[in-house]
Amino acid sequence: MNRHDAIKQFHGGGDRIADLIDESQAVGLPTPDTETPMISRSVRLPLETYERVRAAADARGIGVTTLMRQWIEAGLADLDDSATVSLADVRRAIASLAHPSAA
């Protein structure tokens with residue numbers, strides 16, 4: 001059945017679509033990459049902001065949504081004073097204290 005015929009059957013209220021669904025093979029869903037339930041939300045960003053986020057994610061070797069999630073989690077942790085800091089960030093902070101840049 002082509003798309004046009006399927007749409008016609010659907011809008012006609014016939015049982016043919018239900019029969020096709022019943023006759024089709026079961027399709028396995030992809031395995032989630034995390035055990036934590038996730039939801040998807042749309043965020044509108046200016047192009048320049050998105051490009052900066054993408055560049056930051058690329059520099060870290062991670063995806064844009066992963067980086068955004070990390071930033072959101074860090075911001076929330078900061079709100080309730082339960083912030084965790086990566087070892088790399090601690091090392092950078094210590095190094096900047098040992099070698100302050102000229103301002």
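**Entry 1: the fold.** I noted to begin with that this is a predicted model. I then went through the secondary structure and found five helices and zero strands in the protein. Reading along the sequence, I wrote the pattern down as α-α-α-α-α. I also looked up burial: of the 103 residues in the protein, 6% are buried.

**Entry 2: α3 against α4.** How do I describe two packed helices? For helix α3 (residues 47-60) and helix α4 (residues 64-79), I have an angle of about 95° and axes 8 Å apart. That angle makes α3 roughly perpendicular to α4, because 65 to 115 degrees is the range for that label.

Which residues meet there? From α3 I listed Tyr50, Val53, Arg54, Ala56, Ala57 and Arg60, and from α4 Val64, Leu67, Met68 and Trp71. By class, the residues of this contact are eight nonpolar, no polar and two charged.

**Entry 3: Tyr50.** Is Tyr50 buried, partly exposed or exposed? Its relative accessible area is 32%, so I put Tyr50 down as partly exposed; the label covers values between 20% and 50%.

Leaving aside residues up to four places away in sequence, Tyr50 touches Leu45 and Val64.

**Entry 4: the largest pocket.** I finished with the space in the largest pocket, which comes to about 520 Å³. Its lining has 16 residues, and nearest the centre I found Ile39, Arg41, Thr65, Arg69 and Ile72. Sorting the lining by class gave me seven nonpolar, five polar and four charged residues.

Key: Residues numbered from 1 in each chain as written. Predicted model: local features only at pLDDT ≥ 70, side-chain atom pairs only at ≥ 80, totals over all residues. Heavy atoms only, no water. 1 Å grid on protein atoms, 1.4 Å probe; cavity = no way out; pocket = protein on both sides within 12 Å on 5 of 7 lines; lining within 4 Å. Points joined across faces, edges and corners; volume = space filled by probe spheres on them. Nonpolar A, V, L, I, M, F, W, Y, C, P; charged D, E, K, R; others polar. Axes fitted to C-alpha atoms, helices over the stretch in contact; angles between N-to-C directions. Helix = DSSP H or I, 4+ residues; strand = E, 2+ residues; numbered from the N terminus. Parallel < 35°, antiparallel > 145°, perpendicular 65-115°, else oblique. Contact = heavy atoms within 4.5 Å. Buried < 20%, exposed > 50% of the residue type's maximum accessible area, 1.4 Å probe, protein only.
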